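Thanks, everyone. Let me put the structure up, and then I'll walk you through it.

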Amino acid sequence: MPSLVWDRSPEEAHINPHEYGIQEQFIREAKVLLQKLYAGLDKYVMKFHRDDKSIKKATSMLQNDAIDSLRDCLEMLEKKKHRLASRLFRDVIETLDLAAYFNSGTVASKNDLAKWYKNQVIPHRRYRDYIKKTEGNAKSEKKKELYGQLSKYTHRSYLVLLQGYSLGRGDLLVYDSHSESDLLVLPHTISEYFAVLAGLIKVFSKEVVLYGLLSKEEVDSAWESSLEKETVPRRFVPHAVPSN
């Protein structure tokens, strides 16, 4: 059975931060899984010509970039470098969404693909507009909400920056980098970010199949061979996530 981190919400992980055993298991499993998925994409090395302007080539380049960002996130969080890792969260989603948009096959997406190959930036709103037209307002709003949550990491909102501070005497703020070690890094922050990363890895696993770079059998095999047989149990009774 896999690490419990794979199905944790960031909110629950934040208020139950001291489950180090399940985090260590997640690190082990995620390392193996990402390496297997990365190796699976090796089939596209020397596959595309320099002048190829196909959807498949664009998808390969974008999803290679996304999985590299996921691997970087994992490495940085293991070292408690949460500021660098969190900046990549929205980057992963934007990259995957761009690949999804190009694969939609609409007239607009084909035109934007041609612009992309001319080194023009394709705004994320193009994908959100496509989702709104094809899947309705509810799906569009859900995507917008996720994007907004991840944007807070990128744009360094107050609460995101606050996750890099602990409290000293008299509730005075202490920056967690003002130390030669990582002892001041809050476990709440690392716990939450591992949960975010787990969710992004699951999204990538679905989309790399959905847009044809890897088969479902390849991805299922990677997951099955990466997850450990025994789940590391929780050490503490979890606190419930407060209702809004």
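This is a predicted model: local features need pLDDT of at least 70, side-chain atom pairs count only at pLDDT 80 or more; totals for chains, interfaces and linings use all residues.

Start with the largest pocket. Its volume is about 1,400 Å³. The lining has 40 residues, and the closest to the centre are P10, E11, L146, Q149 and L150. Which helices contribute at least two residues each to this lining? They are α1, α5 (89–102), α7 (124–135), α8 (137–154), α9 (158–162) and α10 (187–210).

Now the second largest pocket. The space here is about 270 Å³. Its lining has 14 residues. Nearest the centre are L62, E94, L98, W116 and I122. Both α5 and α7 give at least two residues to this lining. The largest share, six residues, is from α5. By type, we have eight nonpolar, two polar and four charged.

Last, N16. Look in the loop between α1 (10–15) and α2 (20–40). Is N16 buried or exposed? N16 has a relative accessible area of 6%, so it counts as buried, the cut-off being under 20%. What does N16 touch, leaving out residues up to four places away in sequence? The list is R8, S191, R234, V237, P238 and H239. Take H239 from that list. Its backbone nitrogen sits 2.6 Å from a polar atom of the N16 side chain.

That's the tour. Over to you for questions.

Note on methods
Residues are numbered from 1 along each chain as its sequence is written. Side-chain values use heavy atoms; hydrogens and water are left out. Helices (H or I, at least four residues) and strands (E, at least two) are DSSP runs, numbered from the N terminus. Buried means under 20% relative accessible area, exposed over 50%, partly exposed in between (1.4 Å probe, protein chains only). A polar contact is a pair of N or O atoms within 3.5 Å; within protein, one must be able to donate a hydrogen and the other to accept it, and residues adjacent in sequence count only if both atoms are side-chain atoms. Contact means heavy atoms within 4.5 Å. On a 1 Å grid over the protein atoms alone, a cavity is a set of points where a 1.4 Å probe fits but cannot get out, and a pocket is an open set with protein on both sides within 12 Å along at least five of seven lines; lining residues have an atom within 4 Å of a point. Grid points are joined across faces, edges and corners, and a volume is the space filled by probe spheres set on the points. Ala, Val, Leu, Ile, Met, Phe, Trp, Tyr, Cys and Pro count as nonpolar, Asp, Glu, Lys and Arg as charged, and the others, Gly among them, as polar.
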